[in-house]
Amino acid sequence: MKVPRQHISRLAFLLAGLLIAVTSISLLFVGFVASHASRQQAIANEERLFRSAVADHLRAIVREQITVASSDESVLKLVKGFDPSYARQSFDALWSTYRHSKVMLISGRGEVIAESFEDYTHIITRPIAEIPELQLIQEDVKQLFLKNRVRVPGGFGHRSLQGVDPGEYAVMGFVRIDGKPALFGAMPVMPDEFQVTLPDGPPTVLLSAHYIDEFLLRQLNGQLNFADFRFVDGSKTQDGGPGHVVEDASGAPIGLFTWKSQTVGESIWPTIIPVIALLSVALAALAFGIAWRIGQLTSSLQASERQNRYLALHDTLSGLANRLQFNRVLENAVKELPDKHFAVIHCDLDKFKAVNDTHGHAAGDAVIKTVAERLSKVVGRPGLVCRIGGDEFMVIYRGGTDRNNLEALSRAMIAAGSTPIPLPEGMDAHIGLSVGIAIAPQDGNTAELLVTRSDAALYHSKKMGRNRFTCYGDMPDENDDPDDLQPRQATA
């Protein structure tokens, strides 16, 4: 039977229309899935960067606390006896030097015996039971202390902090103090030179906190560079965008950090609508249009991915490698031991806080950029210079690791940091640079050990006067006389 031509044409149009509809719907679905997946991956990457920045800040609080908490004099004047003048002096130092918003001293009996409000210190006696959150923190610090304390003649001491991650001897996290959300670090007061001992019983705890205010948000976002980065006090829900809910030690929500994602999936609608219009003209034109647009979409996604990879591995302010890239390169360098030696150089700017306080954060940014350029020029191709947060830099140096070469390099780095830095307002910033060095493999053959030992050497340089360098291998043992060996001071 012969089928009328008009029926064939109608059937062809129907089939063509059905094919166009199915293809269009498929493209819309694929575009939606790709857009959603791209956005979710971008949010996950940003949340990882946020958690890393917060962890860095918490460790920084503990490292700053050590200047008071780890001291024979503190044991005498805060644990075995209580000297109000010494407590005020110590608390004021933590405020003026490190901007700790709140400092509290909690006795082993479970009483708050001193607390600061910025630069004012109040000597009181009140039970910690009035602040349930602090009870949980004190108990956690107590368990860590009992795990780490050692019996010595006349009482107890504490195992050495050198090469130990802060999480093994200090409690860190979020807490609400005086009704304000804050980041905190808490650790036991302990001797450092073991000329005095601790009594038996629960430890005296030093707690320091940074309120989550505009100042802290600027500090965190200096490392993150997120758009519309803010903290919503008391919130425990988010709308599906990027964010991080924080809780106290009891698991109660404190608030929500939130920001606008800087990488959003490509919108599929401007791409698909013109293609659907072309389908009404001809199926061939449709195929060509789809192929062309899909090619463009793929190129755009690839470009976005390349940009994401760069941003994930570089510090946005200085352009140097960031902590993530530093960790990857360090792990690869460790795998090449013992055939290829290298050094981990830990640097920290001296008097940088005074620049921010006196000239503002724009001047601080200019100092960071200038120091980054100078360090990169001094270190050169044999090394990778990284900014791992704030005013802290690290170098993986693959050049000569003999003593003379590392001394010359350290002096050149310190000289670069000590040279006056021009500021945008026409003045000069005068800072310094303290350096700690760990050499692989003699000072360690794992990434964690090399980082902690270079950090210990840096702390020793800071402790001995700043603007100098210390090799970990030259540091005295715990039982050595600390006057037998001093860190080298660079001459600019």
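Reader: Where is Pro338 found?

Author: Pro338 sits in the loop between helix H8 (323-335) and strand E12 (342-350). The model is predicted, so local features need pLDDT of at least 70, side-chain atom pairs count only at pLDDT 80 or more, and totals for chains, interfaces and linings use all residues. Residues are numbered from 1 along each chain as its sequence is written, and side-chain values use heavy atoms, with hydrogens and water left out.

Reader: What is the peptide bond from Leu337 to Pro338?

Author: That bond is cis, with omega near 0 degrees. Most peptide bonds are trans.

Reader: Which residues does the cis bond with omega of about 10 degrees join?

Author: Ala440 and Pro441. Pro441 lies in the loop between strand E17 (432-440) and helix H12 (447-463).

Reader: Why is Asp178 called partly exposed?

Author: Its relative accessibility is 45%. Buried means under 20% relative accessible area, exposed over 50%, and partly exposed in between (1.4 Å probe, protein chains only). Therefore Asp178 counts as partly exposed.

Reader: What is the phi of Asp178?

Author: Positive, about 55 degrees, although Asp178 is not a glycine. Most residues other than glycine have a negative phi. Asp178 is in the loop between strand E6 (171-177) and strand E7 (180-188).

Reader: Why does Asp228 count as partly exposed?

Author: Because Asp228 has 40% relative accessibility. Asp228 lies in strand E9 (residues 227-233).

Key
Helices (H or I, at least four residues) and strands (E, at least two) are DSSP runs, numbered from the N terminus.
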